[in-house]
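Work through the exercises below with the sequence and the model side by side, and try each task before reading its solution.

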Amino acid sequence: MKRAISTFLFLAACTLANTAEPDVLVKFFGHAGIGDKRSVYYGEMLKHYTDKPTLGQGLPSNVQATFRKLEESQFRSVYAVLLSDGDKSQDWYAFLVKENDRWKISAVRNLALPGVFYIALQQLEQKKSRSEKEEWQYQNMLLTIKSDRELKEYLKSNLAEFRNVVTLYSKGDKEHSDKMAKRLLINFITDIDGTIEFTIGGIIDNAVGYLYVPPGSKPPTMDPSEFIYVEEIADGWYIYKTT
């Protein structure tokens with residue numbers, strides 16, 4: 001019996017060790033920061049950020065980070081990082097590379113929207129009366145800045161309608177698919193080699209939306225230069241962000 005318990009504890013410890021996020025990630029988003037950045041930075045981080053404070057050092061003391069592994073291979077991993085003070089939150093994405101058996105941060109991204117976006121949002125919010133077009137724009141902008149968790153829930157709660165859009169769009173009925181997509185607060189739909197992209201909003205290349213990836217196709221690979229975040233929500237349905 002003791003041997004069985006010992007084996008169980010050993011396996012549990014191994015599981016925890018395997019699922020724990022790399023220490024460098026915790027330090028980068030932690031308030032204390034990183035001492036020797038050159039030993040744990042890679043690529044653009046090593047080239048441009050060794051003389052700058054870590055992201056965590058600039059955060060208020062009540063902001064905490066939680067980590068979620070999105071992808072891992074032998075020499076690369078991608079993590080989603082949620083920064084929250086219990087009231088407001090922000091999603092970040094960290095790209096790591098393994099070099100000499102050590103995980104190093106190569107890039108950190110989030111959906112970077114310029115000040116003009118938030119100024120326009122504030123102006124719409126402060127309007128006592130919004131036209132139908134303004135109300136749609138306001139709701140669309142609110143959806144654009146929702147957290148990953150909220151965006152996932154939005155798709156799940158409207159999945160039947162999104163599937164109907166795909167059916168209409170695939171049949172070439174663009175008029176009705178566009179109308180239905182607008183009701184779902186989608187700006188526009190694009191067919192990229194069979195994958196249907198539902199763009200919610202953003203500014204130029206900094207966008208957020210959903211992807212429908214049909215059987216036999218693959219979602220885009222996460223990369224710091226384009227798709228900074230891709231995660232499956234339901235069978236064939238993904239959330240994405242670009243930069």
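**Exercise 1.** Find which residues touch the most other members in the largest nonpolar core.

*Solution.* A nonpolar core is a set of buried Ala, Val, Leu, Ile, Met, Phe, Trp, Tyr and Cys residues joined through side-chain atoms within 4.5 Å, where buried means under 20% relative accessible area with a 1.4 Å probe, protein chains only. In this predicted model, local features need pLDDT of at least 70 and side-chain atom pairs count only at pLDDT 80 or more, while totals for chains, interfaces and linings use all residues. Residues are numbered from 1 along each chain as its sequence is written, and side-chain values use heavy atoms, with hydrogens and water left out. The largest core holds 46 residues, of which Phe 162, Ile 186, Phe 198, Tyr 210 and Trp 237 touch the most other members. Its largest share, six residues, is supplied by strand β8 (residues 227-234), strands being DSSP runs of E with at least two residues, numbered from the N terminus. A second, separate core of 19 residues includes Tyr 79 and Val 81.

**Exercise 2.** Trace how strand β2 pairs with strands β1 and β3.

*Solution.* Two strands pair if DSSP finds at least two bridges between them. Start with β1 (residues 64-72), which pairs with β2 (residues 76-84) in the antiparallel sense over eight bridges; Gln 64 has Ser 84 as its bridge partner in β2, and a hairpin of three residues joins the two strands. Continue to β3 (residues 89-99), which runs antiparallel to β2 and is joined to β2 by nine bridges, with Ala 94 as the bridge partner of Tyr 79. Finally, four residues lie between β2 and β3 in their hairpin, where Gly 86 in the turn has a positive phi of about 95°.

Definitions and conventions: Buried means under 20% relative accessible area, exposed over 50%, partly exposed in between (1.4 Å probe, protein chains only).
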